[in-house]
Amino acid sequence: MPLELLVEWTIKLLIGFVILMTTVAYLSLFERRMLGFMQMRQGPNRVGPFGLLQPVADGLKFIFKEDITPLAADKFLYVMAPALSLVPALMTFVLIPIGGEMKIPFIDRPIALHVTSVNVGVLAILAMTGMGVYGIVMAGYASNNKYSLMGGLRSSAQLVSYELAMSMSIVGVLLQAGSLDLVKIVANQGGWGGMQWHVFWFQPLGFIIFLISMVAETNRAPFDLPEAESELVAGFHTEYSSMKFAMFFIAEYANMVTASAMATVLFLGGWQGPGVAQLPLLGPFYFVAKMLFFLFLYIWLRASLPRLRYDQLMDFGWKFLLPLALINIVISATVAVVLL
Amino acid sequence: MLAEYLPTLLFLIVATGIGIALILIGNFLGPKRPSPEKLSPYECGFNAFEDARMQFDVRYYLIAILFIVFDLEIAFVYPWALVFRELGVFGLIEMGVFLALLFIGFIYVWKKGALEWE
């Protein structure tokens, strides 16, 4: 193993991790400010200029809060659960390509802007996001609280239901790209001057299915049944306080970032865009802009839509999205035979 | 190449380290003032009146079983989608038959009422 490669990975890992954590921290501020503006109020604006230091203040507050473990809780599972939902949420970012290969001063070979690219990329990400369910179920069971148990159960049923529709909507993209490698999927969308994105090039239906199920997969409004505060207090994390609560919080926002990045890579052409072929430096900017669009969409949905009822949620997932995703596979395959 | 997976392993170690560190930080730096009320399960102000690990709806199991069936199906569809170009029309018909059989099963489950939540 060449030492140079190891150094490169370490640097990329550090950069990727700092980017992810900063995004997660500022996403919470961005969300609160945006919700504020959408409801004709200011949102948090006291800590630092425009409230920019609010995430730091929140973090410090979490650290110095009392860490409660209920007497009747299953201690081991109770402590494990937040870590088990945080670790996979952080790990997925390692596979996301945020830019193409480009020249960097003082280095003689082109550097690719992703930490690593494996030939089972999409499967690896699906597997890691699927791991998050364990954390939620364990938290719900271990807390020994009725709200937590109900929240955990609902959450697991919802996650597995929408995971089906999500995985199936990706099949259309795989038919076109012919690879599970995220870098190759992005490279496949470079035509038409960087605008041949899968969402335009016959995957619009798949895109819509993926978009809906990704919102459900991250437990966000209008699918935030697991933590429906009007009936379940806070769902699976009712009994958690201090840093353990913060870990669930970070995991949720990290999952939002990953889901947005996945939607960008699979359907909106990743770092592809007009002019990227001539100027690779534009790539990361396009990528971040597209990702921000999805993150804004999350917040917009939360501000606009009321929560679904549980039977409506399950009906929608099983009786509407799933058949639709199956039909999308058939359409994509037929179109692929005719056109490709 | 297997070496490409090494960063994933590195990141797993880093992420696990962060997970453990965060739990420990919260545990050491926070105050410790336990009281019986604080340590009892939260039930909107009432005293907890029975064990929380109660019976729950059998439909959650049903959903889990159905999930396994469809998830396995997806495990078959993914490799097919990757080699679809080489298979051509033959692959399309083969997968069409497979999906049609599954769709019949899906409709059966639907008609039997396994997907109903009242």
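Where in chain A is the place of D181(A)? In this predicted model, D181(A) sits in the loop that runs between helix 5 (146-177) and helix 6 (182-187). The residue is buried but makes no salt bridge. Leaving aside neighbours within four places in sequence, D181(A) touches S117(A), V118(A) and N119(A).

Now for the aromatic rings. The count comes to 20 aromatic pairs over all chains. One of them is Y78(A) with Y240(A), whose ring centres are 4.3 Å apart with the planes at 10°, so this pair is stacked. The two tyrosines come from distant parts of the chain, 162 residues apart: Y78(A) belongs to helix 3 (residues 75-91), while Y240(A) is in the loop between helix 9 (229-232) and helix 10 (242-267). Both ends are tucked away, as Y78(A) is buried at a relative accessible area of 0% and Y240(A) is buried at 6%.

A tilted example is Y162(A) with F223(A), where the centres are 5.5 Å apart and the planes meet at 50°. Y162(A) is part of helix 5 and F223(A) is in the loop between helix 8 (204-217) and helix 9, so the pair ties together parts 61 residues apart in sequence. Both of these residues are buried, too. Finally, F207(A), F210(A), F267(A), F293(A) and F294(A) come together as one aromatic cluster.

Methods. Residues are numbered from 1 along each chain as its sequence is written. Chains are lettered from A and ligands numbered from 1 in the order in which they are written. This is a predicted model: local features need pLDDT of at least 70, side-chain atom pairs count only at pLDDT 80 or more; totals for chains, interfaces and linings use all residues. Side-chain values use heavy atoms; hydrogens and water are left out. Helices (H or I, at least four residues) and strands (E, at least two) are DSSP runs, numbered from the N terminus. Buried means under 20% relative accessible area, exposed over 50%, partly exposed in between (1.4 Å probe, protein chains only). Lys and Arg count as positive and Asp and Glu as negative; His and the chain ends are not counted. A salt bridge is a side-chain nitrogen of Lys or Arg within 4 Å of a carboxyl oxygen of Asp or Glu. Contact means heavy atoms within 4.5 Å. Rings of Phe, Tyr and Trp (its six-membered ring) pair if their centres lie within 6.5 Å; planes under 30 degrees apart count as stacked, over 60 as edge-to-face and the rest as tilted.
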